[in-house]
Amino acid sequence: MRDISRRQAIIGLGAFASLALTACGSDSETPAKGAETAANKAGSMAGFAVGQQFKATEPVSFSMLYNNHPFYPLKNDWLFWQELTKRTNVTVQPTTVPLSDYEKKRSLIIGAGDAPLIIPKTYHPQEEAFVSSGAILPVSEYFDLMPNFQDKVAKWQLQPELNSIMQSDGRIYLLPGLHEAAWADYSFAVRTDILEKLKLEVPKTLDDFYAMLKAMKAEYPDLYPMTDRWGVPTPGGNLIKLIAQAYGSKGGWEYQHATFDQAQGKFVYTGIMPGYKQTIEYLNKLVKEKLLDPESFTQQDDAAKQKFVSGKSFVISTNAQSLINDYRGPLIENIPDAKIVKIPVPIGPIGEYKIATRLENGIMISKKAVENKNFVAMMQFIDWLWYSDAGQEFAKWGVEGVTFTKEGGKYKLAKDVDYVGLNAGAPKHLQKDFGFGNGVFAYGGATQLLQSTFSDEEIEFQNVMNARKPWPVEPPAPLTEEEREQASLWETPLKDHVTQNTLKFILGQRDLSEWDAYVKEVEGKGATQYVTLVNGAYERFKKEHGS
């Protein structure tokens, strides 16, 4: 969902452990960690360890920026808040910001110096905007306060993923969510009753996907077989992302300025690479042949969903929750015989790869947190809630005997509670009425916990995706602060030009015969200098670290 410029660094596990356990001396504005922990231990637990219930030794409270989801808007009387305080002796003081405005408001609040101590729901590299100002902590300096975090990194061999979000100073400024295994969620929802009518199989490749849409169009010439959502604010967010992945490129939500070309052994500018052009050509063909609604890239979600659930289209982007919460119920109300499924992501020329990461959105910590007398307790609290097995279970499922039961390692919702359609029709909802399963707190964790809320059909989807090979991790190319400042001068005009012309090409407003002219335009806006900068950082880091 974000403009991801490549900012990676890598060091060995032993070096990383040493870094995490030593005080930083390279930043004169950051006090030595030992002094901070000695002065800010009020409320903390001595000897806090993996598997131990965190409970502050005195009542404490921490301010937190809260991303308020419209599907389950915050309620002060949620059981989540009450039980959290009961278990941890911590009261969270949320500063509520609407989901639709979260990124903008977060930047304004941090820029004004009014940021709460805990700033969750941050996706790498969004934290980079706040590094040079010193507004957020280099959290890797305090990993020794987080035994559960360190345990999962070691147990799941997550060091390469952590390396990918380091800055050029060798430090990490974002506490990411950690998954035991990479998993893919987003794909396309397809009306399988239409497939049955047309005697078609679920498409496996991009060619199959195109043939399916062609057959639907032939049967229903007055309709667009596919209309799409998630086009605002990133045009074609999921659609372009998935098609680009199939061609070995990055687009939509995943667009990044530089992509590593394995064949060439260097970074190339994404918006002009061959795979990006192929992505555009494929989508242009769908629009040109009226297989894809041209409004897909600019319409609001509600408009797209309405077209789909009313039977005016048969294919739409989805994830597991949207399949249940947004489509299936309303669709069957309108068309009782309708059936839908989330299909495995269509395969393209690069072959059967699963392109996913084991890191999730994460938490920034305000720089002023180190001045708080309860700083160590806060880091222990974060470690328990977001990274311990017990904390992750609590955030996802709630209170055993109230919202769920557990037998033989298997979770089951209470009979009067629904969540992602597992107890459809139940009078209460795990998120809306209790505050559990909340995207601010419940993410990451062991695969067993992740899949504990999956339906049988979602497990089937995951089995297909998990059988695919993982896509190679791109090598590190960390920019220095000065290089980042220079790169930022190019990034916005480049991104704007690529986005505008991507849409023009797809929608037929600019002929693909002008591709070469477009390439020259992008190069004229700094693309060549940009990748030269990134490749210089890549080569420098290889030389410095022997990788």
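## The largest cavity

Leu-323, Val-341, Lys-342, Glu-457, Glu-458 and Phe-461 line the largest cavity. Two elements, β9 and α17, each give two or more residues to this lining, and α17 gives the most, with three residues. By class, the lining has three nonpolar, no polar and three charged residues. (Nonpolar here covers Ala, Val, Leu, Ile, Met, Phe, Trp, Tyr, Cys and Pro; charged covers Asp, Glu, Lys and Arg; the others, Gly among them, count as polar.) The volume of this cavity is about 30 Å³, and the count comes to one cavity of 30 Å³ or more.

Some background on the terms: on a 1 Å grid over the protein atoms alone, a cavity is a set of points where a 1.4 Å probe fits but cannot get out, while a pocket is an open set with protein on both sides within 12 Å along at least five of seven lines; lining residues have an atom within 4 Å of a point. Grid points are joined across faces, edges and corners, and a volume is the space filled by probe spheres set on the points. Helices (H or I, at least four residues) and strands (E, at least two) are DSSP runs, numbered from the N terminus.

This is a predicted model, in which local features need pLDDT of at least 70 and side-chain atom pairs count only at pLDDT 80 or more, while totals for chains, interfaces and linings use all residues. Residues are numbered from 1 along each chain as its sequence is written, and side-chain values use heavy atoms, with hydrogens and water left out.

## The second largest pocket

The second largest pocket holds about 360 Å³ of space. Its lining has 16 residues, and Val-202, Ile-343, Pro-344, Glu-460 and Val-464 are the closest to its centre. Here too, β9 (340–343) and α17 (456–466) are the elements that give two or more residues. The largest share, four residues, comes from α17. The lining divides into nine nonpolar, no polar and seven charged residues.

## Ser-313

Ser-313 sits in the loop between α11 (301–309) and β8 (315–318). Ser-313 counts as buried because its relative accessibility is 1%. Leaving aside neighbours within four places in sequence, Ser-313 is in contact (heavy atoms within 4.5 Å) with Arg-191, Tyr-224, Pro-225, Met-226, Thr-227, Lys-307 and Phe-308.

Notes. Buried < 20%, exposed > 50% of the residue type's maximum accessible area, 1.4 Å probe, protein only.
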